[in-house]
Amino acid sequence: MAPRYSGYVGVFDSGVGGISVLRQLTATLPHEDFLYFGDSANAPYGEKSRDWVLRRSSDIVDELLEQGAKAIVIACNTATSVAAATLRAQYAHVPIIGVEPALKPATLAEKAGRILVMATPITLRLDKYQQLAERWGSGHEVIPVPCPGLAARIEQGNLSAPDLYEMLEGLIGEYAGTVDSAVLGCTHYPFIARQIRDVIGDVPLFDGTLGTAQQLERKLAERGLLTKSRGVGNVVFASSSTQPGEIDLYRSFFEG
């Protein structure tokens, strides 16, 4: 996945999901160069073991840094929960930014009684989410809903197809009209925000993309790593998948 330039921000996810983060990163930091790596050959991470996710995340970061990345964004809730602390300890000289379920802003919203949290099974099992729920969930009814298979289905595209609605009905249909908001705890899920609202109602949806972009900007500024270029930055896509059209699929998600 060798990039075409150095001094870029490396962004990775198990597949297309992290492109929702990338879109916010480029909006917040339009002059920076980004390399997005989607590990679509191994997607989704949310249904794999913790040890596997840690090893794979470490391998990807190693390669991104060898190719000249100045910072890393882990654009995956699962990989952040599993690997971020280990990678920060290993590469203390490199800004490593993660993403986490946006439970804090959901609990601080004007109407925050019942909050649905959609995430992968492994994200909801890990200590990081449990600590987040304990810290910010007090005084609210937080309903965690594991969504096995949903990220993998989003990877396939064709997001208006009946089978996706059927999957959502099975996962969250019982909460229709009964929740005040929903937290999208996987970076794949913002791509189906409309479909989620079609199932549970027109409620506020919260994701961690803006907070991740703002944290990256802060960390680059602290270390003097913000680009001095005033031109529009480059965005390069790479993937572990050799399926024809994979990069075109990434671009289609990015361009919206």
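**Figure 1. The side chain of lysine 70 reaches the backbone oxygen of leucine 225 at 2.6 Å.** This is a predicted model, in which local features need pLDDT of at least 70, side-chain atom pairs count only at pLDDT 80 or more, and totals for chains, interfaces and linings use all residues. Residues are numbered from 1 along each chain as its sequence is written, and side-chain values use heavy atoms, with hydrogens and water left out. Lysine 70 sits in the loop between helix H2 (50-66) and strand S3 (71-74); helices (H or I, at least four residues) and strands (E, at least two) are DSSP runs, numbered from the N terminus. The side chains of lysine 70 and glutamate 32 are joined by a polar contact of 2.8 Å. A polar contact is a pair of N or O atoms within 3.5 Å; within protein, one must be able to donate a hydrogen and the other to accept it, and residues adjacent in sequence count only if both atoms are side-chain atoms. Lysine 70 is buried, with a relative accessible area of 15% (buried means under 20%, with a 1.4 Å probe and protein chains only).

Figure 2. The structure holds zero disulfides, a disulfide being a pair of cysteine sulfur atoms within 2.5 Å.

**Figure 3. The largest pocket holds about 750 Å³ of space.** On a 1 Å grid over the protein atoms alone, a pocket is an open set of points where a 1.4 Å probe fits, with protein on both sides within 12 Å along at least five of seven lines; lining residues have an atom within 4 Å of a point. Of the 32 lining residues, Gly98, Glu100, Gly211, Thr212 and Gln215 are the closest to the centre of this pocket. Helix H10 (209-222) is among the elements that supply at least two lining residues, and H10 gives the most, with eight.

**Figure 4. The second largest pocket holds about 180 Å³ of space.** Its lining includes Arg50, Thr80, Asp127 and Gln131. H3 and H6 each supply at least two lining residues, and the largest share, seven residues, comes from H3.

Key. Grid points are joined across faces, edges and corners, and a volume is the space filled by probe spheres set on the points. Buried means under 20% relative accessible area, exposed over 50%, partly exposed in between (1.4 Å probe, protein chains only).
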